[in-house]
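Take a look at the model below.

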Amino acid sequence: MRKQIPLLLLLATIAFFPYLNPAQAADIKTDLSLSTGFRVDDLNWNIAGNISGNNPNVLSELTWSDLETLQATVNGKALINEWLYLRGSLGYGWTFSGDNLDSDFSGNDRTQEYSRSSNSAHGGRVLDGAIGLGYQFSWLSEKFKLSPLLGYSYSALKLTLRDGVQVIATPGKTPPAGPIQGLDSTYDASWLGPWESTSPLKSAKRSHSSGVLNITERISTRRET
């Protein structure tokens, strides 16, 4: 069902277009902006010893913290015939700093830790994308406008383990204590799901930005048949 939701959103968007008057040119207002920002992420991942969730209940755990990332995002908006509102964004970022702990346990509840390494997490990547659509409502002679939105978003992290140091070592099971030679591992994590929002629109021609720092913004109005 999750994989079908983006298709359903696309079909819902297409379904709106028969309600456009074919005898008139479509009035399309667009807003395109580029933003940059700084973000910090944390992620914890663990796995049990078996599919039943025990033996032990936490066998291995990876923790990423203080993942500092510079990200650039393109944001786009479109208003068609003053009622159909579309919004989307696509962002990509570069992780330049972060820490990782990799631990393994023999006992339940993170006891009998027999392996732990402390690693750097620089050099990762992040990707965020979102798309949504809604209907614009107007009040008070169009002085106040509101657009409830439904959409779908996708986020992905490409995580790294580099420059590792074995802190807790067990002979025969782990590398010896000290620097880990040649460590360069990657882990991929992703999220996919729906979102909802209500966007107040004071004026379609008023400049506004999305994101942390607005770099460029262009609003254009064109008519298409």
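Keep in mind that the model is predicted.

**The cavity**

Start inside. The structure holds 1 cavity of 30 Å³ or more. The space in the largest cavity is about 50 Å³. Its lining is made of 13 residues. Nearest the centre lie Leu 67, Thr 95, Gly 124, Lys 158 and Leu 159.

Which strands each supply at least two residues of this lining? They are strand 2 (60–80), strand 5 (125–135) and strand 7 (144–168). Strand 7 gives the largest share, with 4 residues. By type, the lining of the largest cavity has 6 nonpolar, 4 polar and 3 charged residues.

Ser 35 is found in strand 1, which runs over residues 26–47. Is Ser 35 buried or exposed? Its relative accessible area is 3%. Buried means under 20%, so Ser 35 is buried. The side chain of Ser 35 joins that of Asn 75 in a polar contact of 3.4 Å.

Thr 69 is found in strand 2. Thr 69 has 0% relative accessibility, so it counts as buried. The side chain of Thr 69 makes a polar contact of 2.8 Å with the side chain of Thr 95. Thr 95 is also one of the residues nearest the centre of the largest cavity.

**The aromatic rings**

Next come the rings. The count comes to 5 aromatic pairs. One of them joins Phe 38 and Phe 96, with ring centres 6.3 Å apart and planes at 40°. Why is this pair called tilted? Planes under 30 degrees apart count as stacked and those over 60 as edge-to-face, with the rest tilted. An angle of 40° falls in the rest, so the pair is tilted.

Phe 38 lies in strand 1, and Phe 96 lies in strand 3 (residues 84–107). The pair therefore ties together parts that are 58 residues apart in sequence.

Tyr 92 and Trp 94 form another aromatic pair. Their ring centres are 5.1 Å apart, with 80° between the planes, and the pair is edge-to-face.

| Residue | Relative accessibility | Class |
|---|---|---|
| Phe 38 | 46% | partly exposed |
| Phe 96 | 44% | partly exposed |
| Tyr 92 | 35% | partly exposed |
| Trp 94 | 42% | partly exposed |

The class follows from two cut-offs: buried is under 20%, exposed is over 50%, and partly exposed is in between. Take Phe 38 as an example: at 46%, Phe 38 counts as partly exposed.

Rings can also gather in a group. Trp 83, Tyr 135 and Phe 137 form one aromatic cluster. A ring can meet a charge as well. Which residue has its charged end over the ring of Tyr 114? It is Lys 173, and its charged end sits 4.8 Å from the ring centre.

Pro 148 is in strand 7. At 35% relative accessibility, Pro 148 counts as partly exposed. Pro 148 and Tyr 85 are 63 residues apart in sequence. In space they are 9.0 Å apart, C-alpha to C-alpha.

Asp 66 has its place in strand 2. With a relative accessible area of 41%, Asp 66 is partly exposed. Asp 66 and Asp 99 are 33 residues apart along the chain, and 6.5 Å separates their C-alpha atoms.

**Backbone details**

Finish with the backbone. Asp 66 has a positive phi of about 55°, although Asp 66 is not a glycine. Asn 55 also has a positive phi, of about 65°, and is not a glycine either.

Where is Asn 55? Asn 55 has its place in the loop between strand 1 and strand 2. Pro 56 lies in the loop between strand 1 and strand 2 too. The peptide bond from Asn 55 to Pro 56 is cis, with omega near -15°.

Is Asn 55 buried or exposed? Its relative accessibility is 60%. Exposed means over 50%, so Asn 55 counts as exposed.

Definitions and conventions:
Residues are numbered from 1 along each chain as its sequence is written. This is a predicted model: local features need pLDDT of at least 70, side-chain atom pairs count only at pLDDT 80 or more; totals for chains, interfaces and linings use all residues. Side-chain values use heavy atoms; hydrogens and water are left out. On a 1 Å grid over the protein atoms alone, a cavity is a set of points where a 1.4 Å probe fits but cannot get out, and a pocket is an open set with protein on both sides within 12 Å along at least five of seven lines; lining residues have an atom within 4 Å of a point. Grid points are joined across faces, edges and corners, and a volume is the space filled by probe spheres set on the points. Ala, Val, Leu, Ile, Met, Phe, Trp, Tyr, Cys and Pro count as nonpolar, Asp, Glu, Lys and Arg as charged, and the others, Gly among them, as polar. Buried means under 20% relative accessible area, exposed over 50%, partly exposed in between (1.4 Å probe, protein chains only). A polar contact is a pair of N or O atoms within 3.5 Å; within protein, one must be able to donate a hydrogen and the other to accept it, and residues adjacent in sequence count only if both atoms are side-chain atoms. Rings of Phe, Tyr and Trp (its six-membered ring) pair if their centres lie within 6.5 Å; planes under 30 degrees apart count as stacked, over 60 as edge-to-face and the rest as tilted. A charge sits over a ring if NZ of Lys or CZ of Arg is within 6 Å of the ring centre and within 35 degrees of the ring normal.
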